[in-house]
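Here is a short report on one protein chain.

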Amino acid sequence: MKKIILILFSGLYLVSCQAQNQDEVNHEPQSQTQNKSKYSVLSQSEFEKAISSGDKTIVDVRTPEEYNEGHIKNARNIDYFDSDFQTKMAALDKEKPIYIYCKSGNRSGKAGKILVDLGFKEVYDLKGGAMSWSGALIK
């Protein structure tokens, strides 16, 4: 009897693990599938290359104090903690690629999800944020 129960629990465990793994493989944020948005995290070199040409928007989502300490050239500052952050971001051109960064990548990661939900077509986030940036920052 104990062997039967053990076999049943083992089988149930395997089935539940398989179902969980299948959910992880097929998981895609709902907002991405609805909006056909592209959200990517880029390395410092990929980010630098991408912002060097073309028509794009660069947004530093750090606080104004952090921004004034130094920022990437041509980046505008829209503070993630600002109460009207979403309103300010929604006013930007959703058809142009948008490149975002913060200090470490945490705020910009959250901001990226918001931008996808707002309907931005291409959202690119700097992996590691400004701390990973090896280029010169503008003061």
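## A stacked ring pair

Y99 and Y124 are both buried. The model is a predicted one. Across the whole structure, a search gives five aromatic pairs. Y80 and F85 make one of them: their ring centres are 5.3 Å apart and the planes meet at 65°, so this pair is edge-to-face. F85 is buried, and its relative accessible area is 3%.

Y99 and Y124 also form an aromatic pair, and this one is stacked. The distance is 4.8 Å centre to centre, with 20° between the planes. This pair connects distant parts of the chain. Y99 sits in strand β4 (residues 98–101) and Y124 in strand β5 (residues 122–126), 25 residues apart. Ring pairs also tie F47, Y99, Y124 and W133 into a cluster.

## The sheet

Five strands make up an open sheet. Their order is β1-β5-β4-β2-β3, and the pairing is parallel. Which strands stand at the edges? They are β1 and β3 (76–77). Each has a single partner strand, so one side of each lacks a neighbour in the sheet.

The pairing of β1 with β5 is parallel and runs over five bridges. Y39 stands opposite V123 in β5. In general, strands of a sheet pair through backbone hydrogen bonds.

## Helices across the strands

α3 lies across β1, β2, β4 and β5, and runs at about 140° to β4. Helix α6 (residues 106–118) lies across β1, β4 and β5, and runs at about 150° to β4.

What is buried in α3? The buried residues are Q44, F47 and I51. Viewed down the axis of α3, the buried residues fall within an arc of 65°, so they line one face of the helix. An α-helix has 3.6 residues a turn, so residues three or four places apart point the same way. The buried residues of α3 pack against β1 (38–42), β2 (57–60), β4 and β5.

## Q44 in α3

Q44 belongs to helix α3 (residues 44–51). Is Q44 buried or exposed? Its relative accessible area is 15%, under the 20% cut-off, so Q44 counts as buried.

The side chains of Q44 and S134 are joined by a polar contact of 3.3 Å. With neighbours within four places in sequence left aside, Q44 is in contact with L126, S132, W133, S134 and G135. W133 also belongs to the ring cluster with F47, Y99 and Y124.

## Two loop positions

N74 lies in the loop between α4 (64–69) and β3. Its phi is positive, about 70°, although N74 is not a glycine. Most residues other than glycine have a negative phi. N74 is exposed, with a relative accessible area of 64%.

L92 lies in the loop between α5 (85–90) and β4. L92 is buried, with a relative accessible area of 11%. What does L92 contact, leaving aside its neighbours within four places in sequence? The partners are T57, V59, R76, I78, I98 and F120. L92 and T57 are 35 residues apart in sequence. In space they are 8.3 Å apart, C-alpha to C-alpha.

Conventions:
Residues are numbered from 1 along each chain as its sequence is written. This is a predicted model: local features need pLDDT of at least 70, side-chain atom pairs count only at pLDDT 80 or more; totals for chains, interfaces and linings use all residues. Side-chain values use heavy atoms; hydrogens and water are left out. Helices (H or I, at least four residues) and strands (E, at least two) are DSSP runs, numbered from the N terminus. Buried means under 20% relative accessible area, exposed over 50%, partly exposed in between (1.4 Å probe, protein chains only). A polar contact is a pair of N or O atoms within 3.5 Å; within protein, one must be able to donate a hydrogen and the other to accept it, and residues adjacent in sequence count only if both atoms are side-chain atoms. Contact means heavy atoms within 4.5 Å. Rings of Phe, Tyr and Trp (its six-membered ring) pair if their centres lie within 6.5 Å; planes under 30 degrees apart count as stacked, over 60 as edge-to-face and the rest as tilted. The arc is that of the directions from the helix axis to the C-beta atoms. Two strands pair if DSSP finds at least two bridges between them. Axes are lines fitted to C-alpha atoms, for helices over the stretch in contact, and angles run from 0 to 180 degrees between N-to-C directions.
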